[in-house]
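Biologist: I have the sequence and the model open. Can you walk me through it, a piece at a time?

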Amino acid sequence: MMTLLEAVNPATGEHMEDIQETKIEEVELYYYQARTAFEKWSRLAISERLIYLKKLKSVMVENMDRLAQVIVQDTGKVPTEALVADIMPTLDAITTIVKHAEKILSPKRVKTPLLLIGKKSYVEYMPRGVVLVISPWNYPLQLAVVPVISALAGGNTVILKPSEVTPLVGKFIEEIFQKAGFPKDVIQVAHGGKEVGAALTAGNPDYIFFTGSVGTGKIIQEVAAKKLIPTTLELGGKDPLIVFKDANLKRAAKGAVWGAFTNSGQVCMSAERIYVEESIYDDFLNIVKEETEKLIQGTNEDSDIGSMTFPKQKEIVKQHVKDALEKGAVLVSGSPPDKWDDSMFIQPIILANLKQDMEVVCEETFGPVMPVIPFKTEEEVIKLANESNYGLNASVWTSDLKKARRVASRLVSGAVTVNEVLVSVANHYLPFGGTKDSGIGRYHSEEGLKIFCHEKAIILDRG
Ligand code: ADP
């Protein structure tokens, strides 16, 4: 039986074309084809493989308008967000890989100790084999394509399963790889949801790169552990944004508004907990309220924020806000959940008078909600920020850079930005990834290419 994935524009409710789901029975064939294609692809010189990546970039640039349109239709994002935060970082990642992969992945001579004098030692980077990439719906292009191209550059073949929530983008990705002319089956795209994802995970990949929820990440890790399949898991976050009284208040407030509400908060490194030093707390609240109420919601070029993408996510946001209001939180901006309409838009919400046990403070909300919490001392705020199951990104806002470095070093987090937010992912030379429930492993940077290869040690004697 043929199953179809429905593509619905969440902002308008418009039903677009349906995408045919990959059949579970086809999974075996995907792996067979991927392993067959690996024979040749893995033996190409890196420089030859990078030619295909360059072509991919040209195809993306040629199809940029259509690509942005498809992302907007699938997610309900505003067009600027699709361009700036999904397409551009993907192009930038391709550029960085094309520029540096050869150097990073070529054999490296290492020192030979006295004991082995006269011999040569070096490290080679051997592709792992077939890499399975499972990707989410919030940045449906970038979070699928970046791991795929990193794995391909290293000589692996790839099976990608994009999110069923954004099937048009998934189909578009398949088409751009085809147009770029990659050899047959070097990259295959499987369309479908949880069942297809689970069947692919059980299908014996040599590496799994997963981006998505903590729950699914743990399921995948369990399956992978039984077969000793290595994984990278890019999961959720509950990022703290810490504002000290000596910060540029206006800049910090605008940063918080941007960090909490961009993409309607559907960002793994959204600012989801705003800690503000007590003496500036009221002033800060006034500015964030004023800035938030200027935001335009909609889907056209002038809009600042679009809709929620996934109906299930809107329900989670609703539940978190309801729980907070029932436990005594104060609504500073936005409307209470019982006044929300049936659309996928949620007016940005600011909450005060919060307690650490409220869902909105301790669980990932993944929506346009900004909880603002006062603190008294540096020691206290470090403790509060670290009191979380997550540790993806954090930001510190202060004019005292010594203090900024001190606090940054003590935060249990994959990245920390100072007087900035959401930018850690913009530098492809930096590693990106989480601590605790935010995930395992790093990508981008040198590490992001090396994870897809075995490091092989070779010792050479002239004999
Ligand atoms: P969300 O609920 O935010 O969509 P998920 O973690 O469920 O996050 O989804 C992220 C990706 O993981 C999607 O591509 C989805 O289809 C896939 N997925 C969901 N469940 C499983 C599973 N059990 N095994 C493999 N992949 C899965």
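Biologist: What do the buried residues of H7 pack against?

Modeller: They pack against helix H1 (27-41), strand E5 (130-134), strand E6 (157-161), strand E8 (207-211) and H8. Contact here has a cut-off: two residues are in contact if their C-beta atoms, placed from the backbone, lie within 7 Å. Helices (H or I, at least four residues) and strands (E, at least two) are DSSP runs, numbered from the N terminus. This is a predicted model, where local features need pLDDT of at least 70 and side-chain atom pairs count only at pLDDT 80 or more, while totals for chains, interfaces and linings use all residues. Residues are numbered from 1 along each chain as its sequence is written.

Biologist: Which residues of H7 are buried?

Modeller: Val196, Gly197, Ala199, Leu200 and Thr201. A residue is buried if 20 or more other C-beta atoms lie within 10 Å of its own, exposed if 12 or fewer, and partly exposed in between, with C-beta atoms placed from the backbone.

Biologist: And the ligand, how many residues surround it?

Modeller: The ligand has 18 residues around it, and the closest are Lys194, Gly197, Gly212, Ser213 and Thr216. The criterion is a C-beta atom, placed from the backbone, within 6 Å of the molecule.

Biologist: Which helices each supply at least two residues of that shell?

Modeller: Helix H7 (194-201) and helix H8 (214-226). H7 gives the most, with 4 residues.

Biologist: How do the shell residues divide into nonpolar, polar and charged?

Modeller: There are 7 nonpolar, 8 polar and 3 charged. Ala, Val, Leu, Ile, Met, Phe, Trp, Tyr, Cys and Pro count as nonpolar, Asp, Glu, Lys and Arg as charged, and the others, Gly among them, as polar.

Biologist: Change of topic. Which residue does UniProt list for "active site"?

Modeller: The unreviewed UniProt entry lists Glu234. UniProt positions are given in the numbering used here, feature names are shortened, and annotations may be inferred rather than shown by experiment. In the model, Glu234 is found in strand E9 (residues 231-234).

Biologist: Is Glu234 buried or exposed?

Modeller: Glu234 counts as buried because it has 26 C-beta neighbours inside 10 Å. Leaving aside its neighbours within four places in sequence, Glu234 is in contact with Phe210, Thr211, Gly433, Gly434 and Gly439.

Biologist: Where does UniProt place the domain feature?

Modeller: The unreviewed entry has "domain: Aldehyde dehydrogenase" at residues 5-457. Over residues 5-457 the chain is 41% helix and 20% strand, with the end C-alpha atoms 46 Å apart.

Biologist: On to E16. Why is E16 described as largely enclosed?

Modeller: Strand E16 (residues 393-397) is largely enclosed by the rest of the structure because 5 of its 5 residues are buried. Asn393, Ser395 and Trp397 are on one side, with Ala394 and Val396 on the other, and both faces are covered. In a regular strand the side chains alternate between the two faces of the sheet.

Biologist: What are the bridges from E16 to E10 and E17?

Modeller: Strand E10 (residues 239-243) runs parallel to E16 and is joined to it by 3 bridges. Leu241 has Ser395 of E16 as its bridge partner. On the E17 side, E16 and strand E17 (residues 415-418) pair in the parallel sense over 4 bridges, with Val416 of E17 as the bridge partner of Ala394. Strands pair if DSSP finds at least two bridges between them.

Biologist: What unit do E16, H14 and E17 make?

Modeller: With helix H14 (residues 401-410), E16 and E17 make a right-handed β-α-β unit. Right-handed applies if, with the strands pointing away from the viewer, the path from the first strand over the helix to the second runs clockwise.

Biologist: What about phi at Ser264 and His444?

Modeller: Ser264 has phi near 55°, a positive value in a residue other than glycine. Ser264 is in the loop between helix H9 (249-261) and strand E11 (271-277). His444 has a positive phi near 60° and is also a residue other than glycine. His444 lies in the loop between strand E19 (439-440) and helix H15 (445-450).
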